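Below is a predicted model. The questions that follow ask on what grounds its labels rest.

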Amino acid sequence: MSTGAYSEQGGAAEAAVEAGQENTPTSSSSGAAFGLFSSDFKKNEDLKEMLESNKESLKLEAMKRMVQLISKGRNASDLFPAVVKNVASKNIELKKLVYVYLVRYAEEQQDLALLSISTFQRALKDPNQFIRASALRVLSSIRVPIIVPIMMLAIKEAAADLSPYVRKTSAHAIQKLHSLDPDQKEQLIEVIEKLLKDKSTLVAGSVVMAFEEVCPERIDLIHKNYRKLCNLLVDVEEWGQVVIINMLTRYARTQFTTPWKEEDAALDENNEKAFYDSDSEERTEQTQAKPYIMDPDHRLLLRNTKPLLQSRNTAVVMAVAQLYWHLAPKHEVSTVTKSLVRLLRSHSEVQFVVLQNIATMSIQRKGMFEPYLKSFYIRSTDATHIKTLKLEILTSLATEANISTILREFQTYVKSQDKAFAAATIQAIGRCATNISEVTDTCLNGLVLLLSNRDETVVAESVVVIKKLLQTQPTQHSDIIRHMAKLFDNITVPMARASILWLMGEYCERVPKIAPDLLRKMAKTFTAEEDIVKLQTVNLAAKLYLTNSKQTKLLTQYILNLGKYDQNYDIRDRTRFIRQLIVPNEKSGALSKYARRILLAAKPAPVLESVFKDRDRFQLGTLSHSLNVKAAGYQELSDWPAVAPDPTVRNVEVIEPVKEWAPSLEKSKQPKSEDKFYSDDEEKEEEGSDSSSSSEESSSESEAESDEDSEKSSSDSGKSSSESEAEQKKKKGKPTDADSDSGAKASSSSADSSSDSESDSENDSDSPAPQRTSLKAKPKVEVKSKPEVSLLDLDDFSPVPSNAPQPPVISSSLLSDLEGLSLSNVSSTLQITSSCFGPVKTYELLHHMTGKGLSAKYHFPRQPCLFQPGMVAVQLVLTNHSDHSLQEIHVGDRSPASLNVHCFNTVERLEPGASVTVSMGIDFSDSTQAANFQLCTKEDRFSVSLQPAVGELLMPSTMTQPDFCKEQKKLLGMNETSATITMAAANTSSHSINEQVLSVASVGVVPSSPNVCRFAGRTISSGVLVLVSLELQGSSTALLTINTEKSVVASMLLRDLKQVLAQA
């Protein structure tokens, strides 16, 4: 049999043996009961005879059968003496199998194993690498202190072996020897230091594991090997990758500065930039403190672990995810999102661990997993613990934009047959209602509907959650408290009954007739109630005695007498305490004066928080994080150092090899010159087109620096790049502060690309920059060569600036043409838009004082966006109030980065006093969250925020009255929001109501009866139907109802309409 065949077979056999070792309880006695052979003694004798025969084939067959039994978890220790005799066999295959057996039982049969120690020592010098490794493995498995010197000598020899497989085995043996005799630590560290320098991928994982077990505090051993480990990582075996990644995570937290604080500081500086602009000293201090350049070694680790996110091993993916979470800049952490979501297709055990980590991540950074919301929807086949975790994540991801979708899912989950899951869903609805104030009323109404559910668990959980929600705003919900009192007789779950009693006692003054009656009912059943209900009954009696003593004095005395003789001492104690507190007498003293302040004090509303909120104190992916308890052997991640330690400790000094390989270095100069040739060529092209910016220069600088740090031999190319950069700077002039900022960003992002060669990395990392700069550089060319305008360049020109107002984007003739198209909803929308157009409101985007002469105002034309149907059309009026012309006005960076914006074309030049109207399209995703972006000129950048009114997120929809009523019936329950409003006298006619509603929202008027006004529209981004109806109930009151799946849109629109209709 060949060695290659053995490596597979031997590996499988070893894995099987390890599995058997974990699953089988071992026995110390050699005569332990052997389940298989005790029932059939002949088989045992048969194997013994075969092992003692002279034929190699019979011995080989016996050993194969025994290894097979071991892999199944059977005990074969009583055959140890017969097996040991064959350890000196000349047959290699037989010897391998004997060693597999001995590794399994050497620790139990130590005395017999010691007899063969000379054989093992001889085998350590065997020509076959697998025999040498197996002998070392058996030797290290004999747990006898007397052979420690022999083991140490064997490990040192094996660490210098030519075979990487033997060196790997020696790394495994180090851990065994350290656990047997910790005093050998110093000698073992020397061996570990030697093995860490090994360049074999086979050894790397095992030696790092030995390092973690023996001396994890010796970070200095990693310095020189850090870059080598980062580069070898992709080729190391999967479990070795996990160990190395975890070790490098701890290492990086001690050697590099935080990439997070600088981001936060940069954001703060951008926000305050305009305020401090006049103070030159402050600004110079900011620019000095601002630049954060990531250590090239830090970037190397992030770049080399990124490809492992595609690993088939879930542990590797999880290890990379936790590394990015703890080490990467915040804007790069989302790199791991897709890979973690992919793991959710694995087995339930993997899902459980991954979901726990996602739950922790989603609390701090919702944006990471929001795009994958559907991946966390619950399936009927999921186990309860998986369902609960997904529910936790959905609740954490809930925002104003997606709460409607999530609540719709929750409505389905409440009907689940899994009662524990249904109860958890109701708690999740309560958390959503607390976190997002716009849907609090909707959630409360939905929970009140659940009180009529047949299932006791659902009703009980609803009562408990309603009680917590009512504490946040009790004054508005007296009706709900009355409704719960009516249901009290039908509820049997103790916690729910106690919650209702607490509510009655807390707000007894709001329900003065119901609370005493409920106390009367409780007096009848007091002795049969659970302890928690009795305690709340005593509290209710005390509170009613203080607020309504005339009706409840006798009842209170009766209940206090019952409690005085109760079997539970807690109830007896509470009763005595309450009696002394509320009934004043000579013994009670001064405390009874404060009874009302003690019992009826305002209670703080409970905070509904995620159970995963405090788990971020543990490293992700660890057992401690999973259990939420510090497990044995857990090593805490250290805080980032304030000042980075000396990075030169990671530089590898090469002295002798340089002399040996001098000729090859000369040969390698040719590709270097090729690199130089290409870079020069690129620079010439850049100079010719005049389209390069300082962001490219800074990115090339950062790449040159990182290459110099990682590879000492790239000095020539670094010089050439720096020379060419100097030439470019002479030609183009000094770059501005804003350009240097963008350069820093480009340099950090350019290092993300993973490549083997220097030229590849340059191409990968620089590819986004030329595209971005070419768009911004074209206008420069056009300004210089204005007379020679090509027709091909007309797309890049902005509208000619003038003081005259611009014509509307869609003309009336275009409207009439569009109406004839087959897209019925578009044409109807356009019809209504043309006929029901309200007054245009203009908002200020940028004041001319803040914008250094540039002012910007915007309005919503309420016309379909020509760029993309899901975008909201916005028109900007840019005006130059300064005494000099402004050049290259354009849109810069956006926040959030995922914001979908169609920018206006660059305005080349805006003369003093001139104005220009430009159009934009913004996809707000049916949310009123502001679109933040930069309005840039050639010299400056101004951060602006464009906030849409909720009514501008809609487009009109035509609908008949029957269709309106039909759609309205589909959107009831949690999809309906209503309120009774008081209207101004001037707003009671149908015409005035239509005007006021259309001034707030872009909706279509539905033909209706005189007392009811109806309006219909759809959200622009998702096309969800929004129905508004106003039913006049008297001279000045009306019922305003909004039906839509978007609960947040409904509550905000209701607020705006209520406000405008109440105004005269």
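Q: Which residue of β7 stands opposite Val901?
A: Val901 faces Ile922 in β7.

Q: How do you know that β5 and β7 are paired?
A: Pairing requires at least two bridges between the strands. Three bridges join β5 to β7 (residues 915-923), so the pair qualifies. The two strands run antiparallel.

Q: What is the order of the strands in the open sheet?
A: The five strands are arranged β1-β2-β3-β7-β5, with antiparallel pairing. From one strand to the next, the twist averages 30 degrees.

Q: What makes β1 and β5 edge strands?
A: Both β1 (843-846) and β5 (900-902) pair on one side only.

Q: Where is Ser882?
A: Ser882 lies in the loop between β3 (872-880) and β4 (886-895).

Q: Why is Ser882 called buried?
A: The label applies under 20% relative accessible area. Ser882 has 14% relative accessibility, and therefore counts as buried.

Q: Which residues is Ser882 in contact with, leaving aside neighbours within four places in sequence?
A: They are Lys852, Gly853, Pro912 and Gly913. Contact here requires heavy atoms within 4.5 Å.

Terms used:
Residues numbered from 1 in each chain as written. Predicted model: local features only at pLDDT ≥ 70, side-chain atom pairs only at ≥ 80, totals over all residues. Heavy atoms only, no water. Helix = DSSP H or I, 4+ residues; strand = E, 2+ residues; numbered from the N terminus. Axes fitted to C-alpha atoms, helices over the stretch in contact; angles between N-to-C directions. Buried < 20%, exposed > 50% of the residue type's maximum accessible area, 1.4 Å probe, protein only.
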